Amino acid sequence: MSFKSITLATVAAIALAAPAFAESMIKVDDPYARVSAKTSKSGAAFMVIENHGDAADQLIDARSDVAKKVELHTHSENADGVMQMLHVPEGFTIPAHGNHMLMRGGDHVMFMGLNQQLEHGDVVTVTLVFEKAGEMTVEIPVDLERKPMHGGGHMNHGTMKKN
């Protein structure tokens with residue numbers, strides 16, 4: 001085998017292994033979605049995103065067929081002391097060997113213009129897009145019974161797969 005063949009084989013092996021390696025670095029724990037009322041035209045998803053890697057990563061986008069528009073949002077107090085929801089186009093940093101919590105009253109995935117009503121027990125498919133880890137599909141259960149302070153990685157685990 002020539003040096004060129006060995007080099008190409010090595011590069012191919014690394015390229016094929018990279019997605020599996022990235023998948024093991026980012027984990028999603030305790031995902032759930034909800035709406036404020038049955039007839040709501042918007043909803044949100046919450047979860048803990050863990051980074052087991054040696055470098056920070058950035059959640060830069062989220063996609064789902066459940067709504068016409070899906071954005072990364074946060075809550076912020078304006079100059080008048082009123083809380084408002086804001087789109088965060090740069091996304092959220094997931095620190096190396098750390099986590100970032102998407103939670104009610106804070107950072108979250110926002111579904112605007114729901115294509116269907118979300119009922120307790122439904123499952124919403126969301127693709128999270130990371131700067132380094134790439135795309136990850138998460139199956140998020142709809143939980144309309146969870147109280148605002150429940151969560152933080154201790155309940156209702158969803159499933160995820162690397163795209």
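Is His 97 buried or exposed? His 97 is exposed, with a relative accessible area of 56%, where buried means under 20% relative accessible area, exposed over 50% and partly exposed in between, computed with a 1.4 Å probe and protein chains only.

1. Basis of the values. The model is a predicted one, in which local features need pLDDT of at least 70 and side-chain atom pairs count only at pLDDT 80 or more, whereas totals for chains, interfaces and linings use all residues. Residues are numbered from 1 along each chain as its sequence is written, and side-chain values rest on heavy atoms, with hydrogens and water left out.

2. Overall layout. Read along the sequence, the pattern is α-β-β-β-β-β-β-β-β-β-β-β. Of the 163 residues, 40% count as buried. The accessible surface comes to about 9,000 Å², of which 58% belongs to carbon and sulfur atoms; accessible areas come from the Shrake-Rupley method with a 1.4 Å probe, and for residues only the protein chains shown count as cover. Among contacts with a separation of 6 or more, 67% are accounted for by residues 24 or more positions apart, a contact meaning heavy atoms within 4.5 Å.

3. The largest nonpolar core. This core has 30 residues, of which Met 47, Ile 49, Leu 59, Val 109, Phe 111, Leu 128 and Phe 130 touch the most other members; a nonpolar core is a set of buried Ala, Val, Leu, Ile, Met, Phe, Trp, Tyr and Cys residues joined through side-chain atoms within 4.5 Å. At least two core residues each are supplied by several strands, including E3 (57–63), E4 (67–77), E8 (108–114) and E10 (134–141), while the largest share, four residues, comes from E9.

4. Ile 49 and His 100. With neighbours within four places in sequence left aside, the contacts of Ile 49 include Val 28, Leu 59, His 100 and Phe 130. His 100 itself is placed in strand E7 (residues 98–102) and, at 19% relative accessibility, counts as buried. Its side chain is joined to that of Asp 107 by a polar contact of 2.6 Å, that is, a pair of N or O atoms within 3.5 Å, of which, within protein, one must be able to donate a hydrogen and the other to accept it, and residues adjacent in sequence count only if both atoms are side-chain atoms.

5. The aromatic pair. The structure holds one aromatic pair. Tyr 32 and Phe 46 form this pair, which is tilted, with 5.1 Å centre to centre and 40° between the planes; rings of Phe, Tyr and Trp (its six-membered ring) pair if their centres lie within 6.5 Å, and planes under 30 degrees apart count as stacked, over 60 as edge-to-face and the rest as tilted. Tyr 32 lies in strand E1 (residues 26–34) and Phe 46 in strand E2 (residues 42–51), so the pair ties together parts that are 14 residues apart in sequence. Tyr 32 is buried at 4% relative accessible area, and Phe 46 is buried at 5%. The charged end of Arg 146 sits over the ring of Tyr 32, 3.8 Å from its centre (the criterion being NZ of Lys or CZ of Arg within 6 Å of the ring centre and within 35 degrees of the ring normal).

6. Backbone points to check. Asp 30, which is not a glycine, has a positive phi of about 55°; this residue is in strand E1 and counts as buried at 2% relative accessibility. His 97, not a glycine either, has a positive phi of about 55°, and its place is in the loop between E6 and E7.
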